[in-house]
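This report describes the fold of one protein chain for a reader who is new to structural work. Please keep the sequence and the model in view while reading.

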Amino acid sequence: MPSFSGPWAEEFRTRYSLAPTPEIQSFLADEQISEIEMQAVTEKFRNCMQGNQLTFTSFDVGGGFDFGFPETMGASTANEIADRCSSTSGVNAIIHLYYQLRSSPTNKDRSEEIVSCIIRAGIVPSNFSVKDYRTYPITELALVDEATAVTAVQFCEADPSGTFVG
């Protein structure tokens, strides 16, 4: 294993040990994830999904994704396939970390900024705190429907100072 030492060293060590292939390990070895590496993993994932009758378009700003499946397959089977594709393609090792690196290159705790953003978005009450953010699922304290809350939090986590600025 490489001797990771940057601000995201612990995360890189964890992801490196979980990487499914030497290629994915090589993407992590330099403590950076390039756009080309992210796209390579995305295409492997897309091919795995399509090869198993699942549709996938792209990752959202935090690395999450939605997918479609044939009605006859059932959600449980579709989720098992998506989980397997995430693991074998390198998504679990690369994608979320790719977005984290872009959001906070120095790995600074941005909880206060994220909470301010969520409050600005009108997703939670104005007395929502960093402790609340770390303790409760956003859907428990949200003033809006679950889908709206989750989407807003994803945007705030990706760009807490620039999102929902009026």
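The sections below move from the basis of the model to the whole chain, its cores and selected residues.

## Basis of the model

The model is predicted, so local features need pLDDT of at least 70 and side-chain atom pairs count only at pLDDT 80 or more, while totals for chains, interfaces and linings use all residues. Residues are numbered from 1 along each chain as its sequence is written, and side-chain values use heavy atoms, with hydrogens and water left out.

## The chain as a whole

The protein chain has 9 helices and 2 strands. Here helices (H or I, at least four residues) and strands (E, at least two) are DSSP runs, numbered from the N terminus. Along the sequence, these elements follow the pattern α-α-α-β-β-α-α-α-α-α-α.

Of the 166 residues in the chain, 36% are buried; the term means under 20% relative accessible area, with exposed over 50% and partly exposed in between (1.4 Å probe, protein chains only). The chain exposes about 9200 Å², and carbon and sulfur atoms supply 51% of this area, as computed by the Shrake-Rupley method with a 1.4 Å probe, where for residues only the protein chains shown count as cover. Among contacts (heavy atoms within 4.5 Å) between residues at least 6 apart in sequence, 52% join residues at least 24 apart.

## The nonpolar cores

A nonpolar core is a set of buried Ala, Val, Leu, Ile, Met, Phe, Trp, Tyr and Cys residues joined through side-chain atoms within 4.5 Å. The largest one has 30 residues, of which Phe12, Ile24, Leu28, Ile33, Ile94 and Ile95 touch the most other members. At least two residues of this core come from each of helix 1 (9-18), helix 2 (22-28), helix 3 (35-51), helix 4 (75-89) and helix 5 (91-103). Helix 5 gives the most, with 8 residues.

Beyond neighbours within four places in sequence, Ile94 is in contact with Arg15, Ile24, Phe27, Leu28, Ile33 and Val41. Apart from this core lies another, of 14 residues, which include Phe128, Tyr133, Ile138 and Ala142.

A polar atom of the Arg15 side chain lies 3.1 Å from the backbone oxygen of Asn92. When residues up to four places away in sequence are not counted, Arg15 touches Leu28, Asn92, Ala93, Ile94, His96, Leu97 and Gln100.

## Residues later in the chain

Cys117 is found in helix 6 (residues 111-120) and is buried, because its relative accessible area is 0%. With neighbours within four places in sequence left aside, Cys117 is in contact with Cys156, Pro160, Thr163 and Phe164. Its C-alpha atom is separated by 38 Å from that of Met1, which is 116 residues apart along the chain.

Val150 belongs to helix 9, and at 32% relative accessibility Val150 counts as partly exposed. The C-alpha atoms of Val150 and Thr77 are separated by 24 Å. Asp159 is placed in the segment after helix 9 (146-158), and its relative accessibility of 35% makes Asp159 partly exposed. Between the C-alpha atoms of Asp159 and Met49, the separation is 29 Å.

How values were computed: A polar contact is a pair of N or O atoms within 3.5 Å; within protein, one must be able to donate a hydrogen and the other to accept it, and residues adjacent in sequence count only if both atoms are side-chain atoms.
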